[in-house]
There are 2 protein chains.
Amino acid sequence: MTVTRAEVRSGAYYDSVVLMQLQRSLAALPGVLDAGVVMGTDANKAVLAQSGLLTPEIQAALADDLVIVIRAEGDVAAQAALAAQAALDQVDELLTRRRRGVEQEYRPRSLESADQMMPDAQWVLISVPGRYAAGVARQSLRLGKNVFLYSDNVSLDDEVALKQMAAEKGLLVMGPDCGTAIVSGVGLGFANGVRRGPIGVVAAAGTGLQQVTSRIHQLGSGITHALGTGGRDLSEAVGAVTAHQGLDLLSRDPETRVIVIISKPPAPQVADELLRAARSAGKPVVVDFIGYSPPARQVDNLHFATTLDEAADLAVQLATSPPNPQSEFRIPNSIDLARFAPGQRHLRGLFSGGTLAYEALLILQDYLPAVYSNAPLDKDYRLANSMVSQAHTIVDLGEHEFTVGRLHPMLDNDLRIRRLQQEAGDPEVAVILLDVVLGYGAHPDPASELAPAIAEARAKAEEAGRYLEVVAIVVGTDEDPQDMDAQVQQLEEAGARVETSNEAAVRYVGRLLQALDQAAGATHLGSASHLKSVDLTVLHQPLAAINVGLESFTESLMAQGAPVIQVDWQPPAGGNERLMAILERMR
Amino acid sequence: MTVTRAEVRSGAYYDSVVLMQLQRSLAALPGVLDAGVVMGTDANKAVLAQSGLLTPEIQAALADDLVIVIRAEGDVAAQAALAAQAALDQVDELLTRRRRGVEQEYRPRSLESADQMMPDAQWVLISVPGRYAAGVARQSLRLGKNVFLYSDNVSLDDEVALKQMAAEKGLLVMGPDCGTAIVSGVGLGFANGVRRGPIGVVAAAGTGLQQVTSRIHQLGSGITHALGTGGRDLSEAVGAVTAHQGLDLLSRDPETRVIVIISKPPAPQVADELLRAARSAGKPVVVDFIGYSPPARQVDNLHFATTLDEAADLAVQLATSPPNPQSEFRIPNSIDLARFAPGQRHLRGLFSGGTLAYEALLILQDYLPAVYSNAPLDKDYRLANSMVSQAHTIVDLGEHEFTVGRLHPMLDNDLRIRRLQQEAGDPEVAVILLDVVLGYGAHPDPASELAPAIAEARAKAEEAGRYLEVVAIVVGTDEDPQDMDAQVQQLEEAGARVETSNEAAVRYVGRLLQALDQAAGATHLGSASHLKSVDLTVLHQPLAAINVGLESFTESLMAQGAPVIQVDWQPPAGGNERLMAILERMR
């Protein structure tokens with residue numbers, strides 16, 4: 001024989017972890033077959049119905065009523081009923097025993113009282129059901145607190161409004177649906193125990209943050225702070241407000257030497273702005289937009305990872321042996337931008353090597369919006385006439401239209417020298433880039449022809465009041481028949497900057513043109529620029545928090561030695577949403 | 001006064017470098033304003049016409065006629081005419097002086113005679129005009145020679161036919177339009193002087209090969225062989241025949257410890273087959289499909305670079321400190337595939353961490369054609385019912401449909417344990433993958449519940465005559481409240497393989513499933529499998545070559561100390577194409 005007994009306690013709110021633990025304890029009692037302990041929401045009633053536990057009194061319960069239901073068995077109905085009743089009788093004791101886990105003499109019933117009890121708390125942790133969470137978050141921001149918003153089912157509109165409000169006040173809202181963070185060594189929500197160290201993390205991916213911080217710890221390094229943003233933060237609608245704030249904080253935090261950004265691939269515009277901000281961080285930034293194909297392993301101070309494991313690895317490497325700042329940073333120090341005349345902003349690349357030209361076009365995508373070519377990556381940027389450059393141009397002089405009836409440009413410099421003079425006469429040209437390919441089969445002494453032409457072009461530009469930067473990539477070795485050192489020397493004496501790596505040359509040119517563009521005011525401003533900076537004390541003071549919701553979070557903070565106040569939260573207006581809205585408007 | 005004088009020498013073929021040098025020497029003579037020295041093709045006539053040098057006698061010249069034209073000036077016409085004539089009179093002497101550069105007593109007029117003079121020559125270098133080049137290449141293959149085909153303007157049909165013919169004979173055709181190669185330390189075409197070393201290169205990109213080999217030399221390492229393929233080799237039509245042959249040769253070459261593959265992004269099917277072959281190379285392979293976004297930095301023995309500079313860097317690093325073979329190679333040695341029952345081939349991943357599930361789906365793309373999920377990368381692979389797996393499946397148990405009315409799977413293992421038993425009972429399932437996330441906020445002892453369930457699932461499978469591989473990713477640290485070591489030990493004692501990196505776990509699973517698939521004969525064969533292997537002696541004997549075309553190539557080989565015969569090549573049948581075709585058919 002089985003018997004089902006239910007009890008409804010009105011207006012008694014408990015969090016889901018507490019209820020689950022109570023349910024388990026009840027189900028383990030003698031004679032009990034099944035137990036349900038839930039708040040009386042429609043969703044929970046549906047789950048109880050599936051298990052055959054929905055009695056008429058539960059059907060009538062309200063959202064903020066605590067519902068307890070027991071199915072028990074016995075040889076006769078009376079015995080089963082006795083077992084069920086015995087279980088129900090133990091509910092209070094089990095709840096009290098549980099509550100003893102959180103030792104706190106007085107539990108404030110409101111956030112305001114909690115704030116008075118612990119005015120130094122910079123954080124409020126919120127894990128109440130989603131329909132109440134935005135209200136609690138708003139109240140927290142009004143009190144000047146930063147918010148760790150664990151709750152999900154918060155609307156997008158609420159998220160945007162909360163983050164806008166936070167940004168205006170210089171406060172952080174991590175979440176909604178933010179499962180994890182580590183602030184000043186204290187884990188919030190789900191978080192691993194990791195030692196403190198030189199690496200800061202901004203993550204829109206919960207277990208992503210946990211995997212990366214755990215791996216960093218396993219590799220012997222540690223974390224300054226790991227800030228969660230919630231999964232929707234990097235969407236078009238939210239515009240990565242929290243990620244920008246987090247990145248800005250970690251950029252300014254002197255203890256953070258390397259920053260890691262983790263997210264599923266963001267909206268393209270959002271990714272673009274965030275990467276732009278990351279490039280100004282002044283320290284190495286490891287980016288793992290999980291599944292996003294990065295343009296390169298490294299662009300200046302940005303290091304792209306394609307897996308979480310690799311992001312951790314790279315961050316630890318960078319923290320251990322920081323890269324040479326010269327190769328990392330963005331504006332070439334050796335160049336005085338003021339030497340260029342105001343109209344000078346374009347690049348003309350004159351290549352003899354087809355693959356070098358192709359790679360140059362690819363790398364320049366990291367720096368310039370569009371580069372024209374006779375062999376472009378995208379046909380929209382095909383030169384109307386290969387003989388005439390437009391804006392930024394890379395010409396491959398080894399293409400058919402240039403080689404009919406003449407030798408390959410690696411053998412014959414005439415055409416290239418003529419084009420060099422033509423480009424040097426254009427007042428919009430700031431930089432000329434060319435390759436000099438040495439080796440067997442090539443011209444026996446290309447610099448003897450190119451160097452005087454470079455010197456002449458630079459002199460003419462100077463006469464016209466301009467400064468012409470000439471960058472040459474010398475492809476060759478000390479075993480080549482041409483005497484590479486002498487070739488480099490001739491080119492340098494003519495005033496050219498010489499590199500032996502195509503990538504290094506092209507990235508130098510890209511950075512220079514970007515700097516010229518920015519100096520001309522043509523730069524776009526990252527979306528972060530209108531936000532009020534979050535005060536660094538949020539990371540530098542020992543963490544103290546008010547917890548509204550899951551008691552287990554209070555237990556975790558206590559276990560980590562962080563001061564915390566648990567609010568004895570109850571749904572406002574007894575869970576009546578219309579009344580809640582009225583109360584909210586009255587504030 | 002200016003005068004233009006022309007001379008046409010019928011049936012006198014010279015290569016374009018020789019002609020260009022003669023033209024320059026003539027233009028430098030006193031009184032000479034301009035000089036043209038070309039073969040009498042229509043294209044060349046058009047170029048002469050542009051410079052106003054097209055006289056009636058040149059207009060009448062044939063393709064294999066040598067045309068020399070001089071424009072000279074003088075105070076009076078007679079003086080100009082004298083200067084022009086004086087220049088023309090020096091043509092023979094200038095040609096003879098030039099020819100002395102190549103010291104060779106007897107110049108054979110045919111490939112056959114050259115072969116008799118130097119039967120050990122394994123290579124023929126061909127740089128005659130494109131319309132003749134396929135014929136010379138075919139003749140070379142018939143003589144059992146490998147071909148370095150510098151000439152461009154060879155038709156795609158000819159390329160396919162030549163490479164098919166070469167593959168059947170176990171010979172190489174590098175090109176057409178192959179500008180560069182290094183074989184056994186000797187540079188062919190345009191090539192830099194690089195020391196010999198442990199790195200082999202296969203390249204479909206001319207200056208790409210030069211940049212990478214030069215950088216490798218600059219970084220202190222060196223090259224075994226660098227094989228060019230010609231730019232069209234990796235197209236759909238050609239199917240990368242030469243690249244496959246080159247990769248196969250370098251795989252078998254014991255001196256080559258690291259292989260580098262360079263190309264513009266190939267046709268997708270071709271890339272797929274080439275990467276498949278590269279994964280079987282048995283040594284690290286650095287791949288730079290310039291501008292192609294790689295799936296990861298590393299997939300087993302494949303290391304992806306995004307720039308030429310990086311490809312060189314990576315190759316030198318890998319040659320200096322070879323990676324741990326365990327992490328490199330493809331089939332997990334620890335697994336005895338025979339333990340699995342014949343029908344077992346599917347994966348079931350049961351994740352509590354959303355980001356970990358997402359990253360697993362991404363990484364598995366490197367190994368499996370399709371993985372179903374309730375949160376798939378591609379909606380075509382959405383599970384019809386989240387509760388029921390199909391084929392390879394990754395389930396994110398943190399998704400909404402699983403968490404309504406219950407705790408997050410990081411806190412509550414019940415649902416996962418039930419699903420684990422369900423999957424273990426499926427006779428198609430070979431591997432179960434699950435994450436165990438430790439830390440604050442998570443379940444206090446997840447292994448105490450999961451380990452017995454894993455042991456039970458494995459035992460049940462064994463009873464049914466199957467082997468069940470269970471792989472667990474433990475995300476956590478030694479500072480977590482759960483005692484990570486004890487968690488790992490419990491799981492291992494239950495028979496699970498434990499990793500602390502999601503990537504490592506997922507790649508292990510991917511390799512295992514791929515191995516099972518291959519054992520089941522479901523593998524696709526790379527296109528290389530039907531080719532006859534090229535004999536390694538082509539790389540191991542000192543290079544000796546016959547050169548047909550540009551004399552400068554013979555000079556380069558001589559300068560490098562390689563035995564070479566220059567053929568005194570003339571267009572067959574006086575350049576008459578119809579006659580050439582008849583001669584060709586008569587062979």
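How many bridges pair strand β16 (residues 372-373) of chain A with β17(A), and in which sense, parallel or antiparallel? In this predicted model, the two strands pair in the parallel sense over two bridges. One of the contacts can be followed residue by residue: A:Y372 has A:T393 as its bridge partner in β17(A). Strand β17(A) also pairs with strand β15 (residues 346-351) of chain A, again in the parallel sense, this time over four bridges. Here A:G349 stands opposite A:I394. As a reminder for the reader tracing these contacts, strands of a sheet pair through backbone hydrogen bonds, either parallel or antiparallel.

Among the residues involved, B:L125 has B:N547 as its bridge partner in β21(B).

In chain A, the peptide bond between A:G175 and A:P176 is cis, with omega at about 5°. A:P176 sits in the loop between β6 (173-174) and β7 (180-183) of chain A. In chain B, a cis peptide bond joins B:G175 and B:P176, with omega at about 0°, and B:P176 is placed in the loop between β6 and β7 (180-183) of that chain.

Positive phi values also turn up at residues other than glycine. A:A240 has a phi of about 60° and belongs to the loop between β10 (223-228) and α10 (241-252) of chain A. Because its relative accessibility is 0%, A:A240 counts as buried. In chain B, B:S184 has a positive phi of about 50° and lies in the loop between β7 and β8 (186-189). B:S184 likewise counts as buried, at 12% relative accessibility.

Turning to charged side chains, the structure holds 58 salt bridges over all chains. One of them joins A:E551 to A:R107, with the closest N and O atoms 3.3 Å apart. This pair links distant parts of the chain, 444 residues apart: A:E551 is in helix α21 (residues 551-559) of chain A, and A:R107 is in the loop between α5 (91-99) and α6 (111-117) of chain A. Both partners are buried, A:E551 at 5% relative accessibility and A:R107 with a relative accessible area of 11%.

Another salt bridge in chain A connects A:D300 with A:R279, the closest N and O atoms being 3.1 Å apart. Since A:D300 lies in the loop between β13 (298-299) and β14 (302-304) of chain A and A:R279 in helix α11 (residues 268-279) of chain A, the pair ties together parts 21 residues apart in sequence. A:D300 is buried, with a relative accessible area of 3%, and A:R279 is buried at 13%.

In chain B, the side chains of B:R109 and B:D568 meet in a salt bridge of 3.9 Å, N to O. B:R109 lies in the loop between α5 (91-99) and α6 (111-117) of chain B and B:D568 in the loop between β22 and α22 (577-586) of chain B, so the contact ties together parts 459 residues apart in sequence.

Finally, a negative surface patch is formed by A:D478, A:E479, A:D483 and A:D485. Of these, A:E479 is found in the loop between β19 (469-475) and α18 (484-493) of chain A, and at 39% relative accessibility A:E479 counts as partly exposed.

Conventions
Residues numbered from 1 in each chain as written. Chains lettered and ligands numbered in written order. Predicted model: local features only at pLDDT ≥ 70, side-chain atom pairs only at ≥ 80, totals over all residues. Heavy atoms only, no water. Patch = residues over 30% accessible without salt bridge, like charges linked within 9 Å, V, L, I, M, F, W, Y side chains within 5 Å. Areas by Shrake-Rupley, 256 points an atom, 1.4 Å probe, with all protein chains shown as cover. Salt bridge = Lys/Arg side-chain N within 4 Å of Asp/Glu carboxyl O. Lys, Arg positive; Asp, Glu negative; His and termini not counted. Charge placed at Lys NZ, Arg CZ, Asp CG, Glu CD. Buried < 20%, exposed > 50% of the residue type's maximum accessible area, 1.4 Å probe, protein only. Pairing = 2+ DSSP bridges.
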